[in-house]
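I opened this entry to keep track of what I looked up. The structure comes first, then my notes.

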Amino acid sequence: MKIKKGFTLAEVLITLTIIGVVAAITIPSLISTIDIDKRQAETTIKKTYTAFNDATV
């Protein structure tokens, strides 16, 4: 008699649930961090553009 090795459906579902919960907690904080970085970059570009404009006038 051969013994089959593998995961049961319950184990797979529990693992996917845990991954889903961790992703639901992590993703919003990552998105807000990216948004903050984007705003900081936009502000820096605007300041640089203004400085170049003032220098050429």
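I started with a definition: a polar contact is a pair of N or O atoms within 3.5 Å; within protein, one must be able to donate a hydrogen and the other to accept it, and residues adjacent in sequence count only if both atoms are side-chain atoms. With that in hand I looked up threonine 48, whose side chain reaches the backbone oxygen of threonine 44 at 2.9 Å.

I noted the ground rules. This is a predicted model, where local features need pLDDT of at least 70 and side-chain atom pairs count only at pLDDT 80 or more, while totals for chains, interfaces and linings use all residues. Residues are numbered from 1 along each chain as its sequence is written, and side-chain values use heavy atoms, with hydrogens and water left out.

Helix 1 has 48 residues and spans 69 Å from its first C-alpha to its last, close to the 70 Å expected at 1.5 Å a residue; the expected span is 1.5 Å times one less than the number of residues. Helix 1 bends by about 25° at threonine 26, and proline 28 follows within four residues. The bend is the angle between axes fitted to the seven residues ending there and the seven starting there.

Then I checked accessibility (buried is under 20% relative accessible area, exposed over 50%, partly exposed in between, with a 1.4 Å probe and protein chains only). Leucine 16 lies in helix 1 and is exposed, at 53%. Threonine 33, also found in helix 1, is partly exposed at 41%. Threonine 48 is in helix 1 too and is partly exposed at 36%.

Last, I took C-alpha distances. Leucine 16 and threonine 33 are 17 residues apart in sequence and 26 Å apart in space. Threonine 48 and leucine 16 are 32 residues and 47 Å apart.

Technical notes. Helix = DSSP H or I, 4+ residues; strand = E, 2+ residues; numbered from the N terminus.
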